[in-house]
Amino acid sequence: MTCILIFEVSFKKNSSYLREYETDSFIQPGISTNSLEIPGQDYRASIYLSITAEVTRYGRDIQDIQRTISVIEMNNAAALADLSKLQSLEVMRMRSESLGFIDASIEEKQFMAVENFSAPLSYDLPERSQPELAEASMIPIEYTETIFSWISRILGKYMNLVRASKP
Amino acid sequence: MKENIFTRYTFLGLILCVLPLLIVLRILSLQINPAERDFYEETFRNREKEWINLTPLRGLILDRNGQQLANNQKTYEIGVDLTLLKDSAPIAEALSRTLGLDYAEIEAQIQLGISKKLQNVVITDYVTKEEIQSLIDYLADVEDSNDNKKQINLRALVYADHFKRNYPNNETGSIIIGYEGWKDKITSLTGIQGIEEYYDEVLAGKSLVDPSERNPINVSDRNISDNPTVITTIDINIQAMLEEIVDREVKTNRAKQGTIIVMDPKTGDILGMASSFRIDPNRYWESLRNLPDDLPYNPAIMLPYEPGSVQKPVTVAIGIESKSIPKDFTYVDTGVLHYAGVDIFNWDGGAYGPTNLVGCLQYSLNICMGTITTKHVPTDVLYNSLRSFGYGQLTGVDLANEVAGFLKTPNRGYWHESDRATNSFGQGFSATPIQMIMSMAAIANDGKMMTPRVVSIISRPDYTNVISPSEKARPISEDTADFVKELLTKSLPGEAESALPLGYTMAGKTGTGQIAVEGGYHLTLTNASFVGFGPVDDPKFIVYIWFQEPKSDIWGSTIAAPVFADVVQRLVVLMDIPPDDVRLSQAKP
């Protein structure tokens, strides 16, 4: 029963399921609302559990992704280091010499004047181009808070009310 | 029998009643005892979280074309789990065979660990991927064999990967890049010298201990940002070319050391900075032992010297800018200048008679320069102008441990009236090569003196910070700069023809600085220098060359000037600068 009461409070806000439940069409004529109390609470409890299970599953997926990202970042860094070794001056020089290339001297380089040619303009990167992030949707606190934090929140609210009502 | 069952049920009933009551009492006791409640709440929170130490990888350093200059390489630490160890011999054998480690030393390390009752002992670190692969292959071979005893003992051998700083081009560019290492036994790994030290905070980032949620419901973003990539102004091909030339010339001329800097005078971008002494930052602890005690890590920014006649264009610029001398200034060279108790002679002791400014620079006449500063430019104007050219101050180049040269100022310290004369031809004060190239770049860049820099972009995943070139000062006007540039262009072919590359018009000046010793100047040792820039109509580079104490010859015109031509001939190929005839015909409408 305590649990059901907690669910009652938890679902007071932001629950689309609750809104559906509270519509007039849900209450059939001739049936007492009191007799629907317990099935209603059960319904809420099952929704709560279902949502919590979903959140947990997605949370685990996120944790898995975070671990994978870390591993990929480490592998990326290692691959970059390997690549840099292959592209290092010494290796490139050895490879080019083995292929028969030699440094071009000034006499070997020919420049030609081409009419109407203009060199491409250099592109300056914009400074501090902060990408705009879409606002992430928030899970209402009622879905994630612990019993302790719920109690302290409710007590805090109550205490504020008491303070406000004092002259 | 019935009674017995009744007793059992009663006992069970009592337990079922008392247990919930105890639980309720415990809950109540927790509610009324805040200290205990806080303890359990804290314990609960800690169990929900997994504290992970997140140390970001050090940021990359790239050259101006994206070539990697510093990155992070995966290496391995190899150790022994002493709790699993039965016999150390197979481990010592495996490591000595595959990694070439000393068998006895491994045994000793393991025994030391056992005597200290340690759980693990580290045998070696920074093992490469190839080396670890050979160890893995060896372990696989043992697994395939029937030697069960060996197999069991080798299970105590453990390894873990981690990253270390890697410099793929080894010693190329090391005086600019610096290295990551330990400054002393107390501090942790840090950037030392060059970019690594100057941008240490940027490159290292902040390691943080992150409370990662174990509870998947509370999972959140790990707030660790990738460290930025630092993009330098260095062209690694130009750098390698300069190092090749400086090594060759130091050897040929038997100089103590050599330094060459190439800079873009319009932006202050350092394209290359080479010194004949370099370390391999991948093995800095060994390389540093070979660095002579009296040479700093990077002489280009840390070793001030008396530059000699490369200072003369600045003296002429100060005279013209302050209107102390006209552009058609002439004087009669008698072969000696008596000033403040000091006799000043030309480099060859000759008397050149009536001479104009082109002649002054072409024949590199000390008496001409001394005449300008002692008879025409007022003292305060001279020293204010020298300060505005940056002498005696740091240039502000973004490299660690820059040293300012020393400029004596009137009526302070050791300043003597005769310094007015000697300062005019680059004696009596000291400047680093980076200071010299910065002040000369003002002449090449229409009077605007740019702050030298080696980093142009700091790129983070979420934003890019483009560092704009910064104008340090404007010591002379565009008109003065153009005039001095013209003087240097006209005088260079007469002064040092060997400095001229084919097809390109260059401006430049040689310098032979005497070396101060106790009681005067050394009779045979000099500093041979050259500064030049080009193409004169649109300068794309300025080159500063310095050879310290060359033994083959003493003159800048014979030692440093031909090196300038060599550098330029290779520079124009690497920078794709067409010869004057092609470039100027292109520029015509």
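Over all chains, the count comes to 1 disulfide. The model is predicted. The disulfide joins Cys360(B) to Cys368(B), with an S to S distance of 1.9 Å. A disulfide is a covalent bond between the sulfur atoms of two cysteines. The link of Cys360(B) and Cys368(B) is right-handed, with 90° about the S-S bond.

An open sheet was then examined in chain B. It consists of 5 strands in the order β11-β10-β22-β21-β20, and the pairing is antiparallel. Strands β11 (270-275) and β20 (507-517) of chain B stand at the edges. Each has a single partner strand, so one side of each is left without a neighbour in the sheet. On average, neighbouring strands of this sheet are turned by 10° against each other, direction ignored.

Two strand pairs of the sheet are described here. Strands β20(B) and β21(B) run antiparallel and are joined by 10 bridges. Within this pair, Lys509(B) has Val531(B) in β21(B) as its bridge partner. The two strands, β20(B) and β21(B), form a hairpin with 2 residues between them. Gly519(B) lies in that turn and has a positive phi of about 85°.

Strand β21 (residues 520-534) of chain B also pairs with strand β22 (residues 541-548) of chain B. This pairing is antiparallel and spans 8 bridges. Phe530(B) stands opposite Ile545(B) in β22(B). Phe533(B) has Ile542(B) in β22(B) as its bridge partner. A hairpin of 6 residues joins β21(B) to β22(B). In a regular strand the side chains alternate between the two faces of the sheet.

Helices also contact these strands. Helix α18 (residues 433-444) of chain B packs on the sheet and touches β10 (257-263), β11, β21 and β22 of chain B. The direction of α18 makes about 145° with that of β22(B). Helix α19 (residues 478-495) of chain B lies across β20 and β21 of chain B. Helix α19 runs at about 75° to β20(B).

A helix pair was examined as well. Two packed helices are described by the angle between their axes and the distance between the axes. Helix α3 (residues 89-99) and helix α4 (residues 103-115) of chain B pack at an angle of about 135°, with their axes 9 Å apart. That angle makes α3(B) oblique to α4(B). The crossing of α3(B) past α4(B) is right-handed. From α3(B), the contact involves Ala89(B), Ile91(B), Ala92(B), Glu93(B), Leu95(B) and Ser96(B). These meet Tyr103(B), Ile106(B), Glu107(B) and Ile110(B) in α4(B). The residues of this contact divide into 7 nonpolar, 1 polar and 2 charged.

Note on methods: Residues numbered from 1 in each chain as written. Chains lettered and ligands numbered in written order. Predicted model: local features only at pLDDT ≥ 70, side-chain atom pairs only at ≥ 80, totals over all residues. Heavy atoms only, no water. Axes fitted to C-alpha atoms, helices over the stretch in contact; angles between N-to-C directions. Helix = DSSP H or I, 4+ residues; strand = E, 2+ residues; numbered from the N terminus. Parallel < 35°, antiparallel > 145°, perpendicular 65-115°, else oblique. Left-handed = near helix turned anticlockwise from the far one by under 90°. Contact = heavy atoms within 4.5 Å. Nonpolar A, V, L, I, M, F, W, Y, C, P; charged D, E, K, R; others polar. Pairing = 2+ DSSP bridges. Disulfide = S-S within 2.5 Å.
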